[in-house]
Amino acid sequence: MEVESLARSLAEQPFCKALTQSQVEFLAGCAKNARFDAGEYLVREGSASESMFLIRSGTVALENYLPGRGSLKIDTLVPGDVLGWSVLLPPFRWHLDARALEPTLAFALDANCVRGKVQADHGFGYALTLRLLAAADERLTQARLQQLDVYKAELR
Amino acid sequence: MTDALFPEPMAILRIRNETADTFSFDLDARPRGGFRFAPGQFNMLYAFGFGEVPISISGDPLRPGVLTHTVRAVGPVTRALQGLKKGDVIGVRGPFGTPWPVDEAQGKDVLLVAGGIGLAPLRPTIYSVLSRRKVFGRVCIAYGARTPGDLLYTKEIARWRGRMDVQLEVTVDRGDPEWRGQTGVVTKLLRHFDFTPHDSVAMLCGPEVMMRFASRELEGLGMPAPRIYLSMERNMKCGVGSCGHCQLGPTFICKDGPVYPLTQLVRLMSVREL
Ligand SMILES: Cc1cc2nc3c(=O)[nH]c(=O)nc-3n(C[C@H](O)[C@H](O)[C@H](O)COP(=O)(O)OP(=O)(O)OC[C@H]3O[C@@H](n4cnc5c(N)ncnc54)[C@H](O)[C@@H]3O)c2cc1C
Ligand code: FES
């Protein structure tokens, strides 16, 4: 019953739009609701990636820690965004910190469970990987634009 | 319109510092019976003894008594403008150029995408749309700046954001520890707006690279290219299409632009060093 209602809410996530209903139900078996207070870390750099997150409400900052300069915000995630392709990629560790900037609700997808299902059902694995690849591509394009520092170069 | 070739003297009524390098000033247009312009148009501003530069009008078209510009000080003329005080006089020629398609946007969703000082040329559109809010569909404004300290018009932004009938999102490329808002590029804001891409008009203003990425993102979301408009920039001299300084492909930005539909620019923008 709980999995059914989770599957219904999961299906509304943009990340799940390209998955079939049965794939969403399959994924829902790995999902649980997670809540984070403002300032609380979802993940810490270097730690094992135990969950992947789909943000439902709130804002999450992605940060890199630079010695001497503190935590540098490099991106923010908002409802509809996904955090966590490292759950599929060895060595299964986070490359950055993710911290809630305000009270945040997310679906937490258990990493072991997701990896198991990807192995067990390659059709599902392909669909999920394609979604993660699309998210990664989008993030990479944005990171490239951000790196160009266009407003500094702007000579208006 | 002032004489297209001879600057008309106008006095500075008020100056406001917007950020460390950007300021707005109001010119007194009352003695000449007001200054009428359409959102998106620009003036040639003459700092006596230094030279003349094209600057977009950033004020309210419904308040013709004051003529407002927002300037980022980057070189000799804009720095000379920055050094002026209340009561000082500058020369004005204009208004020049094509306006934003505010009328075409009636009955449709309106999407405004501004990067850096690109918010200045779009502000008259915001005033215009909000003054006749009911005739437009959803109004979405995406604004990106380099850092929180580079954000323009912060009080107005807070007011617009507080309205139930406006979706406004701000992001900075580099957030500082105190920044509680979004970090990342302006293009990523677009997919989170609630709007109908095939029934919208988009107006983009900012660095060319940002506009290129944003227009691709909008096309990806389903916006037809003819409904995406961009404001272009090149160095200018005459402002009236006779010197050739502002040439962009076969067009002159001062009279055929600065606002162009994407369809007209698509080929030009992909040609390097144009
Ligand atoms: C239609 C139009 C509207 C504009 N609106 C505004 C505005 O609202 N606010 C504002 O601050 N600026 C605006 N600009 C840009 C402004 O005109 C330039 O910053 C100004 O001409 C610089 O003059 P300067 O003598 O201070 O510096 P310059 O010494 O002339 O320029 C300093 C540096 O900026 C570069 N540069 C100068 N003009 C441009 C340009 N147009 N595009 C790209 N690089 C340039 C120069 O190559 C140089 O590297 C606009 C330009 C155009 C064409
Ligand atoms: S500035 Fe002279 S032709 Fe445009």
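# Close-up views of the predicted model

**Helix 2 and helix 4 of chain A are roughly perpendicular to each other.** This term covers angles of 65 to 115 degrees; under 35 degrees counts as roughly parallel, over 145 as roughly antiparallel, and the rest as oblique. This is a predicted model, in which local features need pLDDT of at least 70 and side-chain atom pairs count only at pLDDT 80 or more, while totals for chains, interfaces and linings use all residues; side-chain values use heavy atoms, with hydrogens and water left out. Residues are numbered from 1 along each chain as its sequence is written, and chains are lettered from A and ligands numbered from 1 in the order in which they are written. The axes of helix 2 (residues 21-28) and helix 4 (residues 122-148) of chain A come within 11 Å and cross at roughly 90°. Helix 2 of chain A contributes A:Q23, A:F26 and A:L27 to the contact, and helix 4 of chain A contributes A:G123, A:F124, A:A127 and A:L128. Of the residues in this contact, five are nonpolar, two are polar and none is charged. Ala, Val, Leu, Ile, Met, Phe, Trp, Tyr, Cys and Pro count as nonpolar, Asp, Glu, Lys and Arg as charged, and the others, Gly among them, as polar. Contact means heavy atoms within 4.5 Å. Axes are lines fitted to C-alpha atoms, for helices over the stretch in contact, and angles run from 0 to 180 degrees between N-to-C directions. Helices (H or I, at least four residues) and strands (E, at least two) are DSSP runs numbered from the N terminus.

**A cis peptide bond joins A:P90 and A:P91, with omega about 5°.** A:P91 lies in the loop between strand 6 (82-83) and strand 7 (97-100) of chain A and is exposed, with a relative accessible area of 57%. Its C-alpha is 27 Å from that of A:P14, and the two residues are 77 apart in sequence. A:F92 is in the loop between strand 6 and strand 7 of chain A. Phi of A:F92 is near 55°, a positive value in a residue other than glycine, and A:F92 counts as partly exposed at 27% relative accessibility. Buried means under 20% relative accessible area, exposed over 50%, and partly exposed in between (1.4 Å probe, protein chains only). Chain A has a mean pLDDT of 90, with 97% of its residues at 70 or more; pLDDT is the predictor's confidence in each residue, from 0 to 100. In chain A, confidence is lowest in helix 5 (residues 150-153), at a mean of 78, and highest in strand 8 (residues 104-110), at 97.

**Strand 3 (residues 42-47) of chain B has five of its six residues buried, so it is largely enclosed by the rest of the structure.** Six bridges join strand 3 of chain B to the antiparallel strand 4 (residues 51-56) of chain B, where B:P54 is the bridge partner of B:M44. The two strands form a hairpin with three residues between them, and B:G49 in the turn has a positive phi of about 90°. Strand 3 of chain B also pairs in the antiparallel sense with strand 6 (residues 89-96) of chain B, over four bridges; there B:L45 stands opposite B:V92. Two strands pair if DSSP finds at least two bridges between them.

**An open sheet of seven strands in chain B has the order 10-9-8-7-11-12-15 and mixed pairing.** Its edge strands, each pairing on one side only, are strand 10 (182-183) and strand 15 (259-261) of chain B. Strand 12 (residues 228-231) and strand 15 of chain B pair in the antiparallel sense over three bridges, with B:Y229 opposite B:P261. Helix 3 (residues 154-162) of chain B packs on the sheet and touches strand 8 (139-145) and strand 9 (167-172) of chain B, its direction making about 140° with that of strand 9. Helix 4 (residues 208-221) of chain B lies across strand 7 (109-115), strand 11 (200-205) and strand 12 of chain B, at about 165° to strand 11.

**B:L265, in helix 6 (residues 262-270) of chain B, counts as buried at 0% relative accessibility.** Leaving aside neighbours within four places in sequence, B:L265 is in contact with B:L230, B:M232, B:L248 and B:Y260. B:L265 and B:M232 are 33 residues apart in sequence, with 9.4 Å between their C-alpha atoms.
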